[in-house]
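Hello,

Here is the structure I promised to pass on. My notes follow below it.

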Amino acid sequence: MNVVATRKLLLFFVVSLFIVLAFRSPSSIENKLNKAGIRLVDAAIDSRVAALYYNLKLLSGKGVLFGHQDALAYGVNWREEKGRSDVRDVCGSHPAVFGWELSKLGRSTVNIDSVNFDRMKKWMKEAYKMGGINTISWHMENFVTGGNSWDKTPSVREILPGGSLHDQYKAELDVFADFVHDLKVGFLFKHHIPLIFRPFHEHTGAWFWWGSEQCTPEEYKTLWRFTVEYLRDEKGLHNLLYAYSTDVFRDEAHYLERYPGDEYVDILGFDDYHDVSVRGDVEELTRRLHIVANLAQRKGKLAALTETGQEAVPTPNWWTDVLLHGITADSTAATISYVMLWRNARSSHHYAPYKGHPCEPNFLEFYRDSYTLFENDLPELYKFPK
Ligand code: BMA
């Protein structure tokens, strides 16, 4: 190659690099978010995560994404079959949101539900490449006893800064950061896949060691803020959206009792099995959705029904008459971004349908409703629209 050709090639690379950097520059992302009134927990968030948030805002009020825990890993009577999910078996499309669980991370090769962590990473990447969204919950082990998250021995105070087990907590977050760090895709320019991280969930309940009777509101808030700051500022993770997710709550004040602050939360959610169970009350679901969605609107944030479901779905027409109706009966409630159903472990413990389940026709009606969005329905979520 002669000198001129070499120079041209070099110039081409420099110009391309400039263009790439200009498009990815944090200031242009910040401008877009500012214009849309969005302030994320992480001011240095990756552009794809920012785009995801922006696009979910655009979709709010137009449709609700459907999610399912462990969808790609297993279903009722099967495990680890490529391309399979119970939801897809029934309606032809995977869910749009994919939930994953990190209990036992760093202690075992598999989580509490026997999902192998290496394969989980693979499925998370697959879900992302399909255009779907990954969300993580974490039934973290009790730091004082080593028991599981249902071991109610108070533990929060010990893991806070200054507490006797603070270093152990940091080590746990280090393991989490390594896991997240591995979730990279791309060929020349590798990037981390966007994630919705939903730690210390259902804290209005008192069944986990971080629950309402196991720590004070101040301790909970301190734990949350420390966790965010450590992951963002010390570990440099910039691909996380943070979801605050209570269990059922009485009113707005109760919902906000342990809220760590707008600077620490991107998505306002809650888990609600209570109102949709056999003896539930769908109007209560709508009322609570309204409270959270209204709060999210006032704060410029997204809202979600982060977990729900009726175990084994015995109620006829549950999908349309309970879940969909509960969400769409009120125009504010209907602005939530997504609803996620819990896992399909076995025929006595599952929340989504599977092939042959009596609720299949009703689920198909739910799927075909223009308000529900599955993987097939998704627009490009990881780029800012033109
Ligand atoms: C619960 C049940 C358990 C599971 C746990 C963590 O709701 O589904 O079987 O181990 O969640 O995923």
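How far is an oxygen atom of the ligand from an N or O atom in the side chain of Arg343? The distance is 2.8 Å. Please keep in mind that this is a predicted model.

The ligand first. Two further side chains place an N or O atom by a ligand oxygen. For Asp113 the separation is 2.5 Å. For Trp342 it is 2.9 Å. On its own, the ligand exposes 310 Å², and the protein buries 76% of that.

Asp113, Trp342 and Arg343 belong to the set of residues around the ligand. Glu101, Ile112, His139, Trp150 and His349 complete that set. By class, the shell has three nonpolar, two polar and three charged residues.

Now the helix pair. Helix α10 covers residues 282-299, and helix α11 covers residues 318-328. Their axes come within 8 Å. They cross at roughly 35 degrees, and the crossing is right-handed.

Which residues make the contact? From α10 come Val282, Leu285, Thr286 and Leu289. From α11 come Val322, His325, Gly326 and Ile327. Five of these residues are nonpolar and three are polar. No charged residue takes part in the contact of α10 with α11, whereas the ligand shell includes three.

Best wishes

Notes. Residues are numbered from 1 along each chain as its sequence is written. This is a predicted model: local features need pLDDT of at least 70, side-chain atom pairs count only at pLDDT 80 or more; totals for chains, interfaces and linings use all residues. Side-chain values use heavy atoms; hydrogens and water are left out. Axes are lines fitted to C-alpha atoms, for helices over the stretch in contact, and angles run from 0 to 180 degrees between N-to-C directions. Helices (H or I, at least four residues) and strands (E, at least two) are DSSP runs, numbered from the N terminus. A crossing is left-handed if the near helix is turned anticlockwise from the far one by less than a right angle, and right-handed if clockwise. Contact means heavy atoms within 4.5 Å. Ala, Val, Leu, Ile, Met, Phe, Trp, Tyr, Cys and Pro count as nonpolar, Asp, Glu, Lys and Arg as charged, and the others, Gly among them, as polar. A residue is near a molecule or strand if one of its heavy atoms lies within 4 Å of it. A polar contact is a pair of N or O atoms within 3.5 Å; within protein, one must be able to donate a hydrogen and the other to accept it, and residues adjacent in sequence count only if both atoms are side-chain atoms. Accessible areas come from the Shrake-Rupley method with a 1.4 Å probe; for residues, only the protein chains shown count as cover.
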